[in-house]
Amino acid sequence: ELEGDAVFVFAPDSVVENAERLIDIVEACYSAFRLLQTQKVSNTNCTCSACAAIKDIYLKCVAHYGEYLPQEAPTGVKLLGPDIILTHRLLKNSVIEKTGIPAYAFITEPFVEKLGDADENQFKVKHAEAYESLGVVSGRVIDLNDAVTRYNEAENCLIKPEDADLEIKASLSAPPSFVWQYFIDAGKRLNWQSDTNSVENVVGEGGRTGIGTISYCDHGSYRMDHRIVDWRPFDYITMETESKGASLSKPPSGHVTFAFSPVDDDKTEISMRMRTRNRGLALKLMIRILRGAIVKEWHGHYATLENLIREDVARGEQAVAIEAA
């Protein structure tokens, strides 16, 4: 809900299996804000104090993991409890004064623990706040401008539809920020990619999923290694793929882009675009011949994924409803 100049959001842990995806959301939100901010500054020549201050606006975020008691209210579900009070109190802090970081996410230690095996170097800026009746709250500070820098410096490897050897589209019943995790988290991928026996993700430098992360996918008679070369949550992800094994049925090596386009507020059009490394005529002809079988297989994957998404969304809504009853 909107609370003055703040936005308060929550999610049951039953539908957020990987807290790192929440950090991705925060960073993507801030990057989108910075892009809009830059456009506003460039498109105005007004010298009033309000317009002159646009360039100096920053966003801040706090994130906490704890318990709450939901209660139905005329305007929707309201959350009660000490951890909810704490979360709101966290907005009044000394992060900027003590760290010099103007745009930040302050995540508490309980939230950091939910991140699991994240590299300590990724969240190395420690911070603590003391609140009357709540005690000392320790956590880490993330510089959100670092995410903007990563996005700006990353090489654009988006495969456009006209450059793809094959494009397969599907509609999924959730927004891109929710659908994204099913393509990133190893366990979730196994639940809908029926031709995959195992997936192992090895993150790159910094301990976060992103550019440099490699997924080793065992398909039985062959293996696919996917290395992320372009990472734009929640717009698209591009991977360089290496096909290994003696199987004649293995896909060709090359690149694949998964593009996520919002449709209304609760749907996503997913577009998978493949481009082979070998640009020979024989391989192009083979893809054209096998196109029907490949499309059919992926539509089967997406049908399974759509069912999983619907079940997970319903589970989350039911969890909130039961807790609020």
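Modeller: One term before we start: a polar contact here is a pair of N or O atoms within 3.5 Å, where one must be able to donate a hydrogen and the other to accept it. And do keep in mind that this is a predicted model.
Colleague: Okay, with that in hand, what does the side chain of R140 make a polar contact with?
Modeller: The side chain of E109, at 2.9 Å.
Colleague: And where does R140 sit? Is it buried or exposed?
Modeller: R140 lies in strand β8, residues 135–143. The residue is buried, with a relative accessible area of 7%; the cut-off for buried is under 20%.
Colleague: Let's switch to helix α3. Which of its residues are buried?
Modeller: In α3, residues 82–89, those are I84, L86 and T87. They cover an arc of only 160° around the axis, so they lie on the same side of α3.
Colleague: What do they pack against?
Modeller: The buried residues of α3 pack against β3 (60–63), β5 (76–80), β7 (125–131) and also β8, the strand that holds R140.
Colleague: How many bridges join β13 and β14?
Modeller: Six, linking β13 (236–244) and β14 (254–263) in the antiparallel sense. As one example, T238 has T257 in β14 as its bridge partner.
Colleague: Nice. Which residues touch the most other members of the largest nonpolar core?
Modeller: F183, I237, F258 and Y302, out of 30 residues in that core. Elements giving two or more residues to it include β9, β13, β14 and α10 (281–324). The most comes from α10, with six residues.
Colleague: What is Y302 in contact with, leaving aside neighbours within four places in sequence?
Modeller: I168, A170, L172, F183, W192, F258, I270 and M272.
Colleague: And which residues does the second core include?
Modeller: That separate core has 14 residues, among them A63, V112, I142 and L144.
Colleague: Great, thanks!

How values were computed. Residues are numbered from 1 along each chain as its sequence is written. This is a predicted model: local features need pLDDT of at least 70, side-chain atom pairs count only at pLDDT 80 or more; totals for chains, interfaces and linings use all residues. Side-chain values use heavy atoms; hydrogens and water are left out. Helices (H or I, at least four residues) and strands (E, at least two) are DSSP runs, numbered from the N terminus. Buried means under 20% relative accessible area, exposed over 50%, partly exposed in between (1.4 Å probe, protein chains only). The arc is that of the directions from the helix axis to the C-beta atoms. Contact means heavy atoms within 4.5 Å. Two strands pair if DSSP finds at least two bridges between them. A nonpolar core is a set of buried Ala, Val, Leu, Ile, Met, Phe, Trp, Tyr and Cys residues joined through side-chain atoms within 4.5 Å.
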